[in-house]
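Here are my notes on this model. Please read them with the structure open.

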Amino acid sequence: MAAAADVSGGRRVSRSRRRRIVAALAVTQTVGYGTLHYAFAVLLTPVAADLGTSTTTVTGAFTASVLTSAALAVPVGRWLDRHGGRALMTAGSLSGALLLLAWAQITETWQLYAVQIGLGAAGAASLYEAAFAVVIAWHSPAGRSAALLALTVVAGFASTIFLPLTGWLVDRHGWRAALLVLAGVQAVLTVPLHAVVLRAVPRPAVAPGPVTGPGPANLRAVLADRGFWLLGTGFTAHTAAVSVVNVHLVAALTSWGHSATFAATTAGLFGVLSVAGRLAVTGLQRRHRLAGVVAAVFAVQAVAAAGLPLTGRDAVAAVAGVIGFGLGFGVGSIARPVLLADRYDTRRYATIAGVLVVPMTVAKAAAPLGAAAAHTYADSYAPVFGAVAVACALAAAALVAVRPASRPVRPG
């Protein structure tokens, strides 16, 4: 029996082909985030001790990596729109493996910064934004949400797998040997999958009927669209809020009288909660407008963040607050590509997404530093979580204000 097929830009694409692509990217994103991103937290202290510098200095190298990804977001998006993801993602994953090998050999702080800047470029070429562009190109509007959900649910376990793995390797063999192992894992499990599975991308689907909104091939029209800037404001504010909570929650819970074990365990709920939130949003969007569903989730986060400083000293209330905030932890990553692709079609998706990624990535890097300054000034985490609540409320309001796209969305 012939495999079921979908239509993409006039070409019939087999369901098995699309499933292989999503499965391959689920593996490469899990490994890529584990080796290029999450492992840094475990390596931070031993690297600083070995180099004879402070953890602040070493953290600065990671910030440089994040900002490099932001700087490359638009040119990477343009490449993906013109050439697809196969060559770029293969090169990015390979360079990531080589840079992990180089990291294991460093002896000076400037070398660490050089490696981290390179890893930022490798991540821009091979992690979520590139993977989302590939998934969008291969799927019709009806199939995008399920494909993105599958990808992000699997990749959501990257920290669960690679934080303890990296910790075990460091404890047993030291941080340099740990990096050699991670480089091998990166090379074996990402490079071949990107090179072999990501074949030529079919022309993206174009919705039938007249296009009365900003045309997908005209970036100037997209940038003139009020909805684009509302989406940008919403997701940037939400990224800043999530980044602050991700960095400061454990310290906040500890300052409110909880043990370090309780704080770390409670913060660890975010992994499971992010998956639950993604599943809930994917289910709800079948009956309700996606922007409205996501706005409601962001509003719940705002209430939870505002309540934590008031009730966080109680263990049950603290867990309830973390659950309320955690349900929206991974929602932005699955909602943003769907909203952009549905609104502007797919011919310029990666470039358009790259424009949004720039302020989001800067917010991700800068917001925790601002939160640390606010905590130091006030000697309290109340203003920090108050600001998080305001950011989530702003994100919710921005998405509510986004009007539906004026062109029809092609059914699956």
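1. Start with the largest nonpolar core of this predicted model. This core has 96 residues. L25, F325, Y349 and F385 make the most contacts inside it. Helix α10, residues 226-255, gives the most to this core, with 13 residues.

2. Look next at F385, one of the residues with the most contacts inside that core.

3. Another core lies apart from the largest one. This other core has 30 residues, among them L51, A61, W103 and A104.

4. Aromatic pairs deserve a check. A search of the whole structure finds 12 of them. How are the rings of F235 and F298 arranged? Their centres are 6.4 Å apart and their planes stand at 90 degrees, so the pair is edge-to-face. The pair links distant parts of the chain: F235 sits in helix α10 and F298 in helix α13, residues 290-311. The two are 63 residues apart. F235 is buried, at 3% relative accessible area. F298 is buried too, at 0%.

5. One aromatic cluster is formed by Y33, Y38, Y128 and F132.

6. Helix α1 covers residues 15-51, 37 residues in total. From first C-alpha to last, α1 reaches 51 Å, close to the 54 Å expected at 1.5 Å a residue. Where does α1 bend? The bend is at L43, by about 55 degrees, and a proline, P46, follows within four residues. After α1 comes G52, with a positive phi near 70 degrees.

Technical notes: Residues are numbered from 1 along each chain as its sequence is written. This is a predicted model: local features need pLDDT of at least 70, side-chain atom pairs count only at pLDDT 80 or more; totals for chains, interfaces and linings use all residues. Side-chain values use heavy atoms; hydrogens and water are left out. The expected span of a helix is 1.5 Å times one less than its number of residues. The bend at a residue is the angle between axes fitted to the seven residues ending there and the seven starting there. A nonpolar core is a set of buried Ala, Val, Leu, Ile, Met, Phe, Trp, Tyr and Cys residues joined through side-chain atoms within 4.5 Å. Buried means under 20% relative accessible area, exposed over 50%, partly exposed in between (1.4 Å probe, protein chains only). Rings of Phe, Tyr and Trp (its six-membered ring) pair if their centres lie within 6.5 Å; planes under 30 degrees apart count as stacked, over 60 as edge-to-face and the rest as tilted.
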